[in-house]
Number of protein chains: 2
Amino acid sequence: MKLYDYLDSGNGYKVRLVLAQLGLPFDWVECDILQGATRTPQFLARNPNGRIPTLELDDGTHLAESNAIIWYLGEGSPLVPDDRLLRAQVLQWMFFEQYSHEPYVATPRFIVRHLPANSPRRTELPDRLERGRAALAVMDHHLGGQRFFVGNRYTIADVALYAYTHVAHEGGHDLTPYTHLRAWLDRVQSQPGHVLLLARPARHLA
Amino acid sequence: MKLYDYLDSGNGYKVRLVLAQLGLPFDWVECDILQGATRTPQFLARNPNGRIPTLELDDGTHLAESNAIIWYLGEGSPLVPDDRLLRAQVLQWMFFEQYSHEPYVATPRFIVRHLPANSPRRTELPDRLERGRAALAVMDHHLGGQRFFVGNRYTIADVALYAYTHVAHEGGHDLTPYTHLRAWLDRVQSQPGHVLLLARPARHLA
């Protein structure tokens with residue numbers, strides 16, 4: 001498999017983490033999203049929505065959307081439950097992540113880290129951080145009663161939510177008030193086969 | 001089952017449409033989201049993220065996030081494929097819907113239909129409509145080569161994308177240029193058991 005990705009992307013990191021924890025080999029292709037690498041005709045032929053991560057399977061099929069990719073990789077492994085209700089709860093938290101969390105936790109970090117200090121997009125930060133605090137509070141509340149998001153065990157729902165939450169402070173969030181959430185971050189980090197966000201995969205293609 | 005919902009919500013409509021097409025009975029509980037019905041302590045006990053649709057199962061468990069709910073309802077039926085790759089492709093389009101489509105197709109409609117004519121949120125419309133056109137173009141491009149989004153048959157990916165696309169004009173989108181997309185809307189509408197967005201379910205609880 002070949003993963004089109006950008007090292008600092010939390011969405012890409014979800015896929016790298018699952019591939020590492022399942023022991024699946026892959027070639028890693030770095031795309032400079034800041035220089036338009038996902039807007040070229042070649043890339044748009046792989047993913048017409050022009051986003052990383054995009055996974056190329058061995059038969060040449062391309063799969064996009066980080067949470068769909070980790071579902072594909074994880075089905076049949078301990079990272080995706082077999083029970084119908086637990087599966088739906090995994091998806092519930094992954095849709096929560098993309099709709100109520102990512103735009104307000106990941107996007108502030110992107111604005112702070114990757115856009116110029118005088119970018120007009122900085123005016124978006126107060127509103128995005130406020131909505132992000134609401135999402136973090138929902139997570140902290142849920143984790144008050146359980147060790148992981150679904151079924152009391154580590155699943156791709158934890159992977160999806162961990163990816164941008166553990167670096168939320170880099171976008172201006174203060175995680176200090178969220179005691180349960182911080183204990184969960186520690187539990188996720190101590191899972192077997194954990195890799196770091198900025199760890200460059202071994203089989204790196206130019 | 002009991003569905004907490006708001007009649008004009010496309011997200012709620014996805015669930016009503018799947019319940020109708022699978023012939024599953026349910027009680028329908030209307031929540032006035034404009035009057036804070038999803039922010040009460042009673043509602044937050046059902047869904048701490050404070051959003052409709054929320055489905056209450058017969059054992060009292062609550063499931064949130066429209067696309068997770070229709071996955072739960074559809075698994076094992078013809079609306080969700082059995083093949084692993086096709087399943088992931090269904091999820092790919094459902095995550096596309098929540099991240100790249102809903103905020104730019106559904107939210108403009110909400111602003112136009114449900115907020116006052118002098119709402120400051122009207123300033124969001126040009127940017128949201130521009131991003132919405134990008135999402136509609138991605139859909140139209142994909143549908144140029146196939147009758148439905150995944151596996152050449154009607155699935156919950158079509159339900160998820162149909163819900164707000166077929167009323168996109170109510171938020172200011174012009175669907176005229178998207179020929180393939182308009183033909184697909186007709187195909188979805190002609191599926192057995194189709195119901196309309198504003199059709200009030202029969203078993204309506206106050």
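This is a predicted model: local features need pLDDT of at least 70, side-chain atom pairs count only at pLDDT 80 or more; totals for chains, interfaces and linings use all residues.
1. Let's begin with chain A. Helix H1 of chain A covers residues 10–21 and packs against helix H6 of chain A, residues 156–165, at an angle of about 140°. Their axes lie 8 Å apart. H1(A) and H6(A) are therefore oblique to each other, and their crossing is right-handed.

2. Which residues of H1(A) and H6(A) make the contact? From H1(A) come A:Gly10, A:Asn11, A:Tyr13, A:Lys14, A:Leu17 and A:Val18. H6(A) brings A:Ile156, A:Val159, A:Ala160, A:Ala163 and A:Tyr164. Sorted by class, the contact of H1(A) with H6(A) holds eight nonpolar residues, two polar and one charged.

3. Now turn to chain B. Here helix H1 (residues 10–21) and helix H6 (residues 156–165) of chain B cross at roughly 140°, and their axes come within 8 Å. That angle is why H1(B) is oblique to H6(B). The crossing of H1(B) and H6(B) is right-handed.

4. On the H1(B) side you will find B:Gly10, B:Asn11, B:Tyr13, B:Lys14, B:Leu17 and B:Val18. They meet B:Ile156, B:Val159, B:Ala160, B:Ala163 and B:Tyr164 of H6(B). In the contact of H1(B) with H6(B), eight residues are nonpolar, two are polar and one is charged.

Notes: Residues are numbered from 1 along each chain as its sequence is written. Chains are lettered from A and ligands numbered from 1 in the order in which they are written. Axes are lines fitted to C-alpha atoms, for helices over the stretch in contact, and angles run from 0 to 180 degrees between N-to-C directions. Helices (H or I, at least four residues) and strands (E, at least two) are DSSP runs, numbered from the N terminus. Angles under 35 degrees count as roughly parallel, over 145 as roughly antiparallel, 65 to 115 as roughly perpendicular and the rest as oblique. A crossing is left-handed if the near helix is turned anticlockwise from the far one by less than a right angle, and right-handed if clockwise. Two residues are in contact if their C-beta atoms, placed from the backbone, lie within 7 Å. Ala, Val, Leu, Ile, Met, Phe, Trp, Tyr, Cys and Pro count as nonpolar, Asp, Glu, Lys and Arg as charged, and the others, Gly among them, as polar.
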